[in-house]
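Please look over the entry below before reading the notes. They are numbered, and each takes up one topic.

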Amino acid sequence: MYNKLISKKMKMAVVGLGYVGLPLALEFAKNFSVIGYDIKQRNLKLLQNRVDPSGELSEDSFDGRDIIFTSNSEELRDASFYIIAVPTPIDKYNSPDLRPLLSATLAVANVLKPGDYVVYESTVYPGCTNEECVPLLERVSGLRVRRDFKVGYSPERINPGDSEHSLRDTMKIVSACDSESLDVVAKIYESVVTAGVHRAPDINVAEAAKIIENTQRDVNIALMNELSILFNRMNINTFDVIKAAATKWNFIPYTPGLVGGHCIGVDPYYMMHKAAELKYHPQMITSGRFVNDSMGGYIAKQTVKKLLSNDLPLLRAKVLVMGVTYKEDVYDIRNSKVIDIVRELLSYRIAVDVVDPNADSNAVEEEYGIKLMQTPDGQIKPASKYHAVIMAVPHREYLSMTESDFKEFLDPKGLVVDVRGVFKDVIKDLRYWSL
Ligand SMILES: NC(=O)c1ccc[n+]([C@@H]2O[C@H](COP(=O)([O-])OP(=O)(O)OC[C@H]3O[C@@H](n4cnc5c(N)ncnc54)[C@H](O)[C@@H]3O)[C@@H](O)[C@H]2O)c1
């Protein structure tokens, strides 16, 4: 398979060209002939014009790549090695929504031939590939796994907004349905991942490894969030405590904050789903989700409390929320927990303006019904001054702000709520609160 791919006698297809699939497809397209397949027509036009719809990759990332972009599933027939990188979200009950994964699997199953490989990159609970995807591939294609076609799983570990840990520089876990196909999958990934690959003993282990990377992070952040709630009652600043504790060699400096996005805040629910099937009630994972999901409301309530204790007029209060993406320096607004802050403030009938240098205002309005404040030249010029500013997502554009910048649009008695504690040493005169 590898020799046929490298000599371009065979093609690879990447199904799902989002945050994960597109960089992967472009990386493979340096060496192989790649078919990039996605159902989102609107994005295909952009991709064909060398524009990454997520805004993460520059135009030159498309230079010299052997890739075509299509939404015609018939074109998948030309490939022999399929990589599936479609979303694995949760539904409104926080249960796994496998519809995109199964519909992508169906598109591949319809064109599967003897000798083909299908490798999944989407994050799933342990057992999902073998229990849900393989039966569908077999049923629709009439072929048998291992005997006629091979299946693998290689979880993605990219971190949007982080140029230091790229696909090439981060060791990749690979797994497959038998040892022969594991060698093939490993060799193909080794050709693009300079940091090398780790061969997991089987697909279930590789799926579990990905889920625990994010679940571990979720639980650790939840611990810091809980400590932050506790320290707040004692008037102790959590970031000061973490800085002191981090001087010990084995203390891991996790920090409190909002946990949004479609990975850390979602993947633990996949694990909880599997646990429920096994009649096990995971206490730590569930508690972590509970704490992290409550932080937006908590931050809003603390803001209201401080406004009242600073003798500011709650009923006519105006609050500016800075940053609405799910984390710093990304464009992605999906599952942003900043919205929980905004909605809680609105429930007190507080007037809220939201601003973000990265987020697409149409997308924010479509998804959350909130109009972003337009700031020509990045200048914030309210008709009257705000009573509080919540620095919810400290994008790099905000990091150079001084106290005078905050004073420009803040009432003299106003409050700076600094969710991530990044302006702690900058704010001296204004009232200040952080997690
Ligand atoms: N974004 C990350 O940081 C990250 C990191 C590691 C793992 N993951 C996992 O990788 C997977 C993909 O995530 P993402 O962030 O790239 O998602 P995304 O939403 O950015 O992109 C997914 C793409 O798949 C397309 N798609 C959906 N259904 C399809 C179908 N049936 N056929 C073809 N294309 C289809 C969508 O149109 C979209 O362009 C998820 O399981 C996610 O949990 C994401």
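1. Basis. This is a predicted model, in which local features need pLDDT of at least 70 and side-chain atom pairs count only at pLDDT 80 or more, while totals for chains, interfaces and linings use all residues. Residues are numbered from 1 along each chain as its sequence is written.

2. Domains. The protein chain is assigned domain 1 (2–201) and domain 2 (221–434); such bounds come from an automatic or database domain assignment. The centres of the two domains, taken over C-alpha atoms, are separated by 34 Å. Where they meet, 15 residues of domain 1 are in contact with 15 residues of domain 2 (in contact: C-beta atoms, placed from the backbone, lie within 7 Å). The side of domain 1 that touches domain 2 has eight nonpolar, seven polar and no charged residues. In this classification Ala, Val, Leu, Ile, Met, Phe, Trp, Tyr, Cys and Pro count as nonpolar, Asp, Glu, Lys and Arg as charged, and the others, Gly among them, as polar.

3. Ligand shell. Which residues come nearest to the ligand? Out of 28 residues around the ligand, they are Gly16, Gly18, Tyr19, Val20 and Ser122. A residue counts as near if its C-beta atom, placed from the backbone, lies within 6 Å of the molecule. By class, the shell has 15 nonpolar, nine polar and four charged residues. Helix α4 (residues 99–109) gives the most to this shell, with four residues. Helices here are DSSP runs (H or I, at least four residues), as are strands (E, at least two), and both are numbered from the N terminus.

4. Helices α4 and α5. Helix α4 also packs against another helix: its axis and that of α5 (residues 128–141) come within 9 Å and cross at roughly 30°. Axes are lines fitted to C-alpha atoms, for helices over the stretch in contact, and angles run from 0 to 180 degrees between N-to-C directions. The crossing is right-handed; that word applies if the near helix is turned clockwise from the far one by less than a right angle, and left-handed if anticlockwise. On the α4 side the contact is made by Leu101, Leu102, Thr105, Leu106, Val108 and Ala109, and on the α5 side by Glu132, Cys133, Leu136, Leu137, Val140 and Ser141. These divide into nine nonpolar, two polar and one charged.

5. Helices α9 and α10. Helix α9 (residues 267–277) and helix α10 (residues 283–309) have axes 10 Å apart, at an angle of about 145°. Their crossing is left-handed. Pro268, Met271 and Met272 of α9 meet Ile285, Thr286, Gly288 and Arg289 of α10. The classes are four nonpolar, two polar and one charged.

6. Pro268. Pro268, in helix α9, counts as buried because 29 other C-beta atoms lie within 10 Å. The cut-offs are 20 or more such atoms for buried, 12 or fewer for exposed, and partly exposed in between, with C-beta atoms placed from the backbone. Leaving aside neighbours within four places in sequence, Pro268 is in contact with Asn214, Thr215, Asp218, Ile285, Gly288 and Arg289. Asn214 is 54 residues away along the chain, yet the two C-alpha atoms are separated by 7.2 Å.

7. Val14 lies in strand β1 (residues 11–15) and is buried, with 30 other C-beta atoms within 10 Å. Beyond four places in sequence, its contacts are Gly21, Leu24, Ala25, Val34, Gly36, Tyr37, Ile83 and Ala85. Ile173 belongs to strand β7 (residues 172–176). Why is Ile173 classed as buried? It is so classed because 20 other C-beta atoms lie within 10 Å. Not counting residues up to four places away, Ile173 touches Ser154, Pro155, His198, Ala200, Ala206 and Ala209.

8. Positive phi. Arg50 has phi near 60°, a positive value in a residue other than glycine. Arg50 is in the loop between α3 (41–48) and β3 (67–70), and is partly exposed, with 15 other C-beta atoms within 10 Å. Lys279 also has phi near 60°. Lys279 sits in the loop between α9 and α10. Is Lys279 buried or exposed? Lys279 is exposed, because 6 other C-beta atoms lie within 10 Å.

Key. Contact = placed C-beta atoms within 7 Å.
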